[in-house]
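I am opening a notebook page for a structure that is new to me. I shall write down what I looked up, entry by entry.

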Amino acid sequence: MKTNNDSKAIKDNGVSLINRIPRWLWLLFSLGTAVLLWTLLSINPNTARSFPNIIVVGDAIITMISRGVFFKDIISSLISVGAGFALGFIIALPVAVLMAWYKPVRNIIEPWIQFIRNIPPLAYVPLVVISAGVGRKPQIIVITIATFLTMAITIYQGVVNIDTTLIKAARVLGAKDRDIFLKVIVPASLPFIMTAVRLGSSVALTTLIAAESTGASAGLGMRIRALNNSFESAPMLLYIIIIGMIGMIIEKIIKVLERRLTGWQEKREM
Amino acid sequence: MAGKERNVKVRIDNVVKKFNTRKGEMIALNGVNLDIMENEFVSVVGPSGCGKSTLLNIIAGLSEATSGKVYCDGREVKGTGIDRGVVFQQYALFPWLTVKKNVEFGLEIKGMGKEEASETAMKYIKMVDLEDFANHYPKELSGGMKQRVAIARAYAVNPSVLLMDEPFGALDAQTRTQLQVELLHTWEKEKKTCFFITHDVDEAIILAQRVVIMSARPGRIKEIIDVNIPYPRNQETKLLQDYIEIKNYIWKQVYQEYLEVRK
């Protein structure tokens, strides 16, 4: 508490007017500046073709709805992202815990994860398609792989770094292995699990284009590639913005969850 | 002391602890013998590296002696047990639990009913004067308050002996003095057997009936000093002639050990 006040005091020493502006107003400024920059890009002849102005992009919503793909694309992508992320998480959690607990498991699996993690998903997409075929399955597989790698490493590092004094403290209070797992390891890992969820959800979205290049019939990523062939920049930009918005909404939801589940942490920023 | 018959609470019987390091075998404790009597307050001083924390860990059952045995209430110590409560220097509070839930932790594991656990926890939270903070999380407390919670948590499960590993070492001088006084009051009331490790000679003397001086490399007991200063004690006790003499003596012994270690 003390340190919180201190750090606030340091910030407040700046220009007082800037500190009086509420957060929502800052957001509005930020948005306004972005739209202004965007408009400038749409006027500049060198960039105008990539950046149709906001009205044209807004109109693209109607175009895409009338083509009957708008909602289909969003829903399709959300299904792939959601399913891939969920599967990645379900696999990452036990793998991370096993890696943290058993040295042999860690020594064998960790190098694999580090190795695959740096390969762009787009590179192994064809291999996935060869075995899994086209459609929903390969999309989910690609997202599962990418999210699993990120989340397994994050959770594992968290579990390995749990303060051992907490485990000792539990032991001298009579805790047996089972109590220690449920009452110490699990809650102590929660912040890392939440961080993993945040990173994983972001990876799921950034993998979307790769995942949907597996011969998908709908989806935000697939549509962007398709629109590329007809040089329709307005709907492309629209879809890009939608992906960004989905990302921000997911992030916000996770932040709320984080605050409720791990608000007890000493440091909460970032 | 005072000629009264007392039971041995903890018996440390020829405890040896060796560690295997890269440079070969390191003897941390070389045959330590000590009886801690019921209701006694024993403190241990010595330079860092003399094995005092190792000894505490062995008594607590967090570490195993290479040879020798420790008995608590006549039973051989094998692993941790709630007959031996521990207060750590780093507080070791569970940050995801409120003050009250932290104190209830051991009671719940013991299988105590909800209401009884709640009552017991509150009793000890009151003992350390934190009833207004029962529903706060550790991050909202100062270092001194955190350590008071840790003390309440250790007391709550009603151990036979309380083992304290430099509990006030991380606190500022003022808070440390305040907590010493509080601990004295608590001990004077409850007479819980205490084994207290510190590197602060003043702290060792003001609290304890006996001060164990340890020497380093290999760690063993150098001398045991009786502190024949009656309780209740307080900060003014430090002005008594007896106190000053004991302090000078112990300080010299510890300083000698410190010089030995530096060699």
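I began with the elements of chain B, and in this predicted model I found seven helices and 10 strands there. I then looked up the radius of gyration of chain B, which is 18 Å and close to the 18 Å that the globule rule gives for 263 residues, so chain B is as compact as a globular protein of that length. For the extent of chain B along its principal axes, I noted that the C-alpha trace spans about 55 × 45 × 40 Å.

Next I looked at burial and contacts. Of the 263 residues in chain B, 44% are buried, and among its contacts between residues at least 6 apart in sequence, 71% join residues at least 24 apart.

I turned to one sheet of chain B, an open one in which four strands follow the order 2-1-4-5 with antiparallel pairing. Its edges are strand 2 (24-37) and strand 5 (75-76) of chain B, each of which pairs on one side only. Inside the sheet, I traced strand 1 (residues 8-21) of chain B, which pairs with strand 4 (residues 67-72) of chain B over five antiparallel bridges; B:Arg11 has B:Tyr71 of strand 4 as its bridge partner. I also saw that helix 1 (residues 52-60) of chain B lies across strands 1, 2 and 4 of chain B, and runs at about 120° to strand 1.

Last, I asked how many residues of chain B are in contact with chain A. I found 21, which meet 15 residues of chain A. Helix 2 of chain B gives the largest share of that side, four residues, and by class the side holds 13 nonpolar, four polar and four charged residues.

Notes
Residues are numbered from 1 along each chain as its sequence is written. Chains are lettered from A and ligands numbered from 1 in the order in which they are written. This is a predicted model: local features need pLDDT of at least 70, side-chain atom pairs count only at pLDDT 80 or more; totals for chains, interfaces and linings use all residues. Helices (H or I, at least four residues) and strands (E, at least two) are DSSP runs, numbered from the N terminus. The radius of gyration is taken over C-alpha atoms; the globule rule is 2.2 Å times the number of residues to the power 0.38. A residue is buried if 20 or more other C-beta atoms lie within 10 Å of its own, exposed if 12 or fewer, and partly exposed in between; C-beta atoms are placed from the backbone. Two residues are in contact if their C-beta atoms, placed from the backbone, lie within 7 Å. Ala, Val, Leu, Ile, Met, Phe, Trp, Tyr, Cys and Pro count as nonpolar, Asp, Glu, Lys and Arg as charged, and the others, Gly among them, as polar. Two strands pair if DSSP finds at least two bridges between them. Axes are lines fitted to C-alpha atoms, for helices over the stretch in contact, and angles run from 0 to 180 degrees between N-to-C directions.
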